[in-house]
Amino acid sequence: MQIYLHLHSLYNAIKCIMSKHLIAPSVLAADFGNLQRDIEMINDSDADWFHLDVMDGTFVPNISYGQPIIKIINQHAQKPLDVHLMIQSPEKYIEQFRDVGADTITVHYEACPHLHRTLQQIADTGANAGVAINPSTNVSLLEDVLEITDMICIMSVNPGFGGQKFIYQTIPKIKKLKEMIDTRNAKTIIEVDGGVGLQNAEAILQAGARVLVAGSSVFKSENPKATITRMKNIGNETF
Ligand code: DX5
Ligand code: ZN
């Protein structure tokens, strides 16, 4: 009986570590006047990655920041950089983003006519290759690149701005993509980006997501570090 109990708790611990989700706070919502302070906060928190949004004013109707700022963030960040390129012709800049410290580089399906080649190009730099899809793009369009994609980012808002409302149609999309991945036995993980917070994180994870990007819900909360911890601990009670 006792051996069974030990094995059972060991099994639960392994299951918990293996399926633990990742939290990627979106720096777009940070206080840029106190950027170093906010980076240190993420370093000291239970967050796993830094999510960095690059917007070009063409692919999306907003301009954020580019390589010089990411280079500075990389000097202070002690966790991997998850770079989300919301730009036209991202293939022109892949090596540059890798050089300033990107660990994962995600391009948009809608911005890449030669997606297969662009993903290969990302992999050749040694970074993880990600593809993001807009809310109006069907996940089935990714079937032929699943095996060469480390991460698929399902946008749960129309990209371009932080602080938008989560689009609930995203939940069935996550489930469908998870099924596609499992059927093919692919290693691709699912990230969900936009309007993610404590109120919907559990449903997103249950649908099959592995990485939660959270901007406003972290930085606009009273205690960002505690919010990250709460988000990271979601689901623990089920183990
Ligand atoms: C949206 C960006 C998101 C954004 C998320 O275009 O890709 O990463 O920063 O911000 P919140 O969590 O505030 O929706
Ligand atoms: Zn993003």
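Colleague: What should I know before I start on the model?
Modeller: It is a predicted model, in which local features need pLDDT of at least 70, side-chain atom pairs count only at pLDDT 80 or more, and totals for chains, interfaces and linings use all residues. Residues are numbered from 1 along each chain as its sequence is written, chains are lettered from A and ligands numbered from 1 in written order, and side-chain values use heavy atoms, without hydrogens and water.

Colleague: At what angle do H2 and H3 pack?
Modeller: Helix H2 (residues 35-44) and helix H3 (residues 67-76) pack at about 50°, with their axes 10 Å apart; helices here are DSSP runs of H or I, at least four residues long, and strands are E runs of at least two. Axes are lines fitted to C-alpha atoms, over the stretch in contact for helices, and angles run from 0 to 180 degrees between N-to-C directions.

Colleague: And which residues make that contact?
Modeller: Leu35, Gln36, Ile39, Glu40 and Asn43 of H2 meet Ile69, Ile73 and His76 of H3, where contact means heavy atoms within 4.5 Å.

Colleague: Switching to ligand 1, how many residues surround it?
Modeller: Ligand 1 is surrounded by 20 residues, and the closest are Asp53, Gly160, Gly163, Asp193 and Ser216, counting a residue if one of its heavy atoms lies within 4 Å. A polar side-chain atom of Ser216 is 2.5 Å from an oxygen atom of the ligand, and a backbone N or O atom of Gly160 is 2.8 Å from a ligand oxygen atom.

Colleague: Where is Asp48 found?
Modeller: Asp48 is in the loop between H2 and strand S2 (50-55).

Definitions and conventions. Polar contact = N/O pair within 3.5 Å; in protein donor to acceptor, adjacent residues only side chain to side chain.
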